[in-house]
Amino acid sequence: MKVSIFGINHKTAPSAIREKLVFDQDLISQALENFKQELNSEVVILSTCNRTEIYSSKTESEAIEKWLSKYHQVAISHVKKYSYFKKNKDAFLHALNVASGLDSMIVGEPQIFGQIKQAFKISENSNVVSKNFYNFFTKVFQFAKEVRSKTDIGANPTTIASTALNLVQKLFGNISDLSILFIGAGEMNTLTAKYFIKKNPKKVLIANRSKNRGESLAKIVKGDSCLISEIPMTLHNYDVVISCTGSQLPIIGLGLVENIIKKRKHKPMFFIDLAVPADIEKEVGSLDDIFLYNLEDLAKLSQENLQLRENELNRAIKFSENIVNSYYDSLVNKNTPLTLSLQDFFEGIKETELKKALHSLRKGADPEKVCNSLSRNIIKKLLHYPTRSLNQDKSAAEFIKQIFLTDKK
């Protein structure tokens, strides 16, 4: 599994640098295609608030540094200074630690697993990865589940959302007395809103660029919705503002908040900025009667509560290393590494499609239709790469025919 990882994260770079290298999720497919064309490599890009990582088949970092610098218009000296590059076994171990939550700003948080799965899915749909990457990520996901299930690193997870809730409660008291505005209806704000709604806030408003998505989250949390452009007219009605969008520029500026706090007759407001780049100008935090916390502030508070879990973290890291060492030893010691790779590949397809089928059955779907769909999807995925090989290289036809169709009697 020849996969390398080039990246920056919260350990290697300050937020001012990280935010310059965040990929716009609405344009991620174009970035993937651009990388594949310019560097002639398959690619997965994981871009979150705390990290940007490029998984590729490149064996050296120089070409990736140049591409990333050019793509984001960031000085290559900054890219070099704050980045890391891992390959082979080290890359696999790093990917496992990321997916397990062991490398997260808040250790043990579960959201990263879904984020890395989504990143791979986007690359798969964009046709910029091959079975080599499929094998790599299938194993990463399998082992990450094992790390989380066989250690206590994910037990009672402390998340950004739960930390934000606890902080608001400490500063303002009863949530039921507060009106809360969520700016953005993405994954992070959806999770955070679900935490807050359990405490029955007085009023909830979801502001989003997309009306439909904002309305969908509003229904879940039993609140109202509006467009982001309407925020200046309604901001003064809310005690707590939690923002997490993909905007490249701040949504809430100093001047707006200065006017709002006058309207509120200096009644305190609490701003939580979960976005990278920032949604709220940092100068807002200098105003009287305003509390402003960003992602790193919350992460520090969360880590203070996790010191008692340090031993468990060390145990989980050791467990992760043992898994990777055992796996690579098996690849070296077995006489049939290709057979193992094929088995991993087929097992991954089976697990994915079986999970879909079981989900459909639980929802009451017709068993016969589910079985037909299961078998059809497995066949389709198993034929995908042989078919692509036939289209790209006609000489492969005889070899494929010999494997699958020649009578061996």
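Q: How many residues does helix α16 have, and what span does α16 reach from its first C-alpha to its last?
A: Helices (H or I, at least four residues) and strands (E, at least two) are DSSP runs, numbered from the N terminus. The expected span of a helix is 1.5 Å times one less than its number of residues. Helix α16 covers residues 367-392, which is 26 residues. Its end-to-end C-alpha reach is 38 Å, close to the 38 Å expected at 1.5 Å a residue.

Q: What should I know about the model and its numbering?
A: The model is predicted: local features need pLDDT of at least 70, side-chain atom pairs count only at pLDDT 80 or more, and totals for chains, interfaces and linings use all residues. Residues are numbered from 1 along each chain as its sequence is written, and side-chain values use heavy atoms, with hydrogens and water left out.

Q: Where does α16 bend?
A: The bend at a residue is the angle between axes fitted to the seven residues ending there and the seven starting there. α16 bends by about 40° at H384. A proline, P386, follows within four residues.

Q: Which residue caps the N-terminal end of α16?
A: D366 does. One of its side-chain oxygens lies 3.0 Å from the backbone nitrogen of E368. For polar contacts, the cut-off is a pair of N or O atoms within 3.5 Å; within protein, one must be able to donate a hydrogen and the other to accept it, and residues adjacent in sequence count only if both atoms are side-chain atoms.

Q: Which residues in α16 are buried?
A: Buried means under 20% relative accessible area, exposed over 50%, partly exposed in between (1.4 Å probe, protein chains only). In α16, V370, Y385 and P386 are buried.

Q: What is the strand order in the open sheet of 4 strands?
A: Strands of a sheet pair through backbone hydrogen bonds, either parallel or antiparallel. Two strands pair if DSSP finds at least two bridges between them. Here the order is β2-β3-β1-β4, and the pairing is antiparallel. The twist averages 15° from one strand to the next.

Q: How many bridges pair β2 with β3?
A: β2 and β3 (residues 51-56) pair over 5 bridges, in the antiparallel sense. The two form a hairpin with 3 residues between them.

Q: Which strands does helix α2 lie across?
A: Axes are lines fitted to C-alpha atoms, for helices over the stretch in contact, and angles run from 0 to 180 degrees between N-to-C directions. α2 (residues 28-39) lies across β2 and β3, at about 140° to β2. Helix α3 (residues 62-72) also packs on the sheet, touching β1 (4-9), β2, β3 and β4. The α3 direction makes about 130° with that of β3.

Q: Is N9 buried or exposed?
A: N9, in strand β1, is buried, with a relative accessible area of 3%. A polar atom of its side chain lies 2.8 Å from the backbone nitrogen of K11. N9 touches R18, N50, R51, Y84 and D103, again leaving out residues up to four places away in sequence.

Q: What is the order of the open sheet with 6 strands?
A: The order is β7-β6-β5-β8-β9-β10, with parallel pairing. β7 (224-227) and β10 (290-294) are the edges, each pairing on one side only.

Definitions and conventions:
Contact = heavy atoms within 4.5 Å.
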